[in-house]
Amino acid sequence: MNCDIIQDLLPLYYDGVCSAGSRKAVEEHLESCEDCRGLLADLDAPLPGAKAVKAADDATAVKKISGEWEKSKWLARVRGAAIATAVCAIVFGLWYGLTQWNIVPVAVERIEVSNVRQLSDGRVLYRLCVGDGYDLSRIRYSYDDEGNMFVEPIRPVLPAKRNEQFPNRWDKEMFHSVAEHNKWEMEYGSGVAVTRIWIGRGPDAVLLWEEGIELPAASAADEEAWGYVTGSAQYWAERTAG
């Protein structure tokens, strides 16, 4: 059988779909024909350009995988940064809420009020001391519709220990000018005049001053220390006139 016929049968032989007779003929021919054996071997070789296409496909796949990996790393970094920021915000919020947010009134039994007296201009002067060993952050003033004014020392849930360098935070002279406050309330505020001043609020509050009560007169030293200077008196006169 000549080479042309065998070469036509080679694809069928290679795929295993030729008849038994054709297979035998092809095999007998291949034993003696080197050219046809070479053609059969070529059937196992990849098509021209297949290697280049495969390499290009591999490069594309690697690039895609690399891109996905970089994207996932970027997302992981963003997610990690967001989580870290949220955790820091929560920790800061807890710290601020417990140590800086002044919301807890000091118990009245821890507050000492002494030396209550009245200046010649009507202001009530007294010493307020919180002697429990913790710092006093600030004092809150509140009012109701019945003429009560409440003076409440307040501090955070976790107060700091007393700092002896700032004693005026927890042991200080206080004064209240009821006349000036009431004038402002009548002109710009609620219209309710203050008639009583309480230290603390609630059933344990201590009455500091009430309208009509006679308090001890302040000393000359108090008048000198707390009295309005000429400039201050002029300021209030101009403010009242305005």
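This is a predicted model: local features need pLDDT of at least 70, side-chain atom pairs count only at pLDDT 80 or more; totals for chains, interfaces and linings use all residues.
Residues are numbered from 1 along each chain as its sequence is written, and side-chain values use heavy atoms, with hydrogens and water left out. Local features need pLDDT of at least 70 and side-chain atom pairs count only at pLDDT 80 or more, whereas totals for chains, interfaces and linings use all residues.

Helix H2 (residues 20-32) packs with helix H3 (residues 34-42) at an angle of about 115°, their axes lying 6 Å apart; helices (H or I, at least four residues) and strands (E, at least two) are DSSP runs numbered from the N terminus, and axes are lines fitted to C-alpha atoms, for helices over the stretch in contact, with angles running from 0 to 180 degrees between N-to-C directions. H2 and H3 are therefore roughly perpendicular to each other, a term covering 65 to 115 degrees. The contact (heavy atoms within 4.5 Å) involves His 29, Leu 30, Glu 31 and Ser 32 of H2, together with Glu 34, Cys 36, Arg 37 and Leu 40 of H3.

Glu 27 and Arg 23 are four residues apart in H2, about one turn of the helix. By this rule, the count comes to 10 salt bridges.

Methods
Angles under 35 degrees count as roughly parallel, over 145 as roughly antiparallel, 65 to 115 as roughly perpendicular and the rest as oblique. A salt bridge is a side-chain nitrogen of Lys or Arg within 4 Å of a carboxyl oxygen of Asp or Glu.
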